[in-house]
Amino acid sequence: MNLTPLTANTFLSDGGAMFGLVPKGIWSRMVEADEQNRIRQRAISLLIETEDGKRGLVETGCGDPVWFSDREREMSGLEEEWLLRQSLAEQNLGFEDIDFILLSHAHWDHAGGLTDPEGNPVFPNAEIFLRAAEVECATGGDPLLYKSYPPKIQAAFEQIGDRIFPVPDEDPEVLPGIYLLPAEGHTEGQACISFTRPTLSGCDREVAAAIFTGDNCPTQHHLRMVFQSAYDTYPLKTRAWKRTWFPRCAEEDLLLLFTHDAEAYGAWIQADPKKEYVVTDMYTGDPL
Ligand SMILES: [Zn+2]
């Protein structure tokens, strides 16, 4: 299979919320904040092209900015146009060409593009896969998950429920070589998505596996154990996930793929005695 990273949206998030316990004096040396303390992020999608000619996407981004009110757009800093539409057009594809969608989790910036405001599916031919546990989180109506799954996301799950396939943990291989694996932390039902021996657009390096991290490691600046988002529902589980996966990535030369990095789509990492893990090489998606 081949993977092509695409920018679905860019948006602004509060820098403090994106780095949790880390003081601004430290994170602002790595990422520039605007006068409202916000940092620019990408909502990254991956185009998957399988050996048998199917096309899929990981994540849908936030959706079309025209669906949002002026105030919402101003607060979240969304651009004018839906970049995912342009990104797909550059690959000579439209929404109707997508056969399947994999979601790491169902927050607005990952699943927001599933349906338009009238509830019509944006991807008319796509089957949608996410972990069964995340379907429960998104549709369970837990009042403690404050604003995590807004009414629009819940409505999308109702309106296109017949296209949504919950993936059980006992059988996580959704297509040959593509696995939705438990990655609790950012949400209870989150998946990290593993691709066995993919080829990468714009990069000749051979990859044993690439791991799309979900929001357990949204950017290259979240490699340290406590550099984690304040949006994580279970912060200690995010750290446990890093402790499980980062040593594997470093020792087995696996590629980490990010959900929100503004510069890199992914990175190779190695252990570091002072900084825990550091980037050894970045995957930017651009031709070498
Ligand atoms: Zn996110």
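Residue numbers start from 1 along each chain, following the sequence as written. Because the model is predicted, local features need pLDDT of at least 70 and side-chain atom pairs count only at pLDDT 80 or more, while totals for chains, interfaces and linings use all residues.

Helices (H or I, at least four residues) and strands (E, at least two) are DSSP runs, numbered from the N terminus. Two strands pair if DSSP finds at least two bridges between them. Strands of a sheet pair through backbone hydrogen bonds, either parallel or antiparallel.

Seven strands make an open sheet with mixed pairing, in the order β6-β5-β4-β3-β2-β1-β10. Its edge strands, β6 (164-167) and β10 (199-200), each pair on one side only. Helix α6 (residues 132-139) packs on this sheet and touches β5 (127-131) and β6, with its direction at about 95 degrees to that of β5. The axes behind that angle are lines fitted to C-alpha atoms, for helices over the stretch in contact, and angles run from 0 to 180 degrees between N-to-C directions. Within the sheet, β1 and β2 are antiparallel and share twelve bridges; Asn2 stands opposite Glu49 in β2.

**Other strand pairs**

| Strands | Bridges |
|---|---|
| β7 (residues 173-175) and β8 (residues 178-182) | two bridges |
| β8 and β9 (residues 191-196) | five bridges |
| β9 and β11 (residues 209-212) | four bridges |
| β12 (residues 255-257) and β13 (residues 266-272) | two bridges |
| β13 and β14 (residues 276-283) | seven bridges |

β7 and β8 form a hairpin with two residues between them, and Gly177 in the turn has a positive phi of about 80 degrees. The bridge partner of Glu173 in β8 is Tyr179. Tyr179 in turn stands opposite Ser194 in β9, and Ser194 has Ile211 as its bridge partner in β11. Strand β9 is mostly covered, with five of its six residues buried. Here a residue is buried if 20 or more other C-beta atoms lie within 10 Å of its own, exposed if 12 or fewer, and partly exposed in between, with C-beta atoms placed from the backbone.

Leu256 has Ala267 as its bridge partner in β13. A hairpin of three residues joins β13 to β14, and Gly266 stands opposite Tyr283 in β14.

**Helix α4**

In helix α4 (residues 83-90), the buried residues are Leu83, Leu84, Ser87 and Leu88. They cover an arc of only 135 degrees around the axis, which puts them on the same side of α4. This arc is that of the directions from the helix axis to the C-beta atoms. An α-helix has 3.6 residues a turn, so residues three or four places apart point the same way. The face of α4 turned away from the buried side carries the exposed residues Gln86, Ala89 and Glu90. β1 (2-14) and β2 (38-49) are among the elements that cover the buried residues. Just after the helix, Asn92 has a positive phi of about 60 degrees.

**The nonpolar core**

A nonpolar core is a set of buried Ala, Val, Leu, Ile, Met, Phe, Trp, Tyr and Cys residues joined through C-beta atoms within 7 Å. The largest has 74 residues, and those with the most contacts inside it include Leu46, Ile101, Ile193, Ile211 and Leu256. β2 gives the most to this core, with six residues.

Leaving aside neighbours within four places in sequence, Ile101 is in contact (C-beta atoms, placed from the backbone, within 7 Å) with Gly56, Leu57, Thr60, Phe123, Ala126 and Ile128.

Terms used
Contact = placed C-beta atoms within 7 Å.
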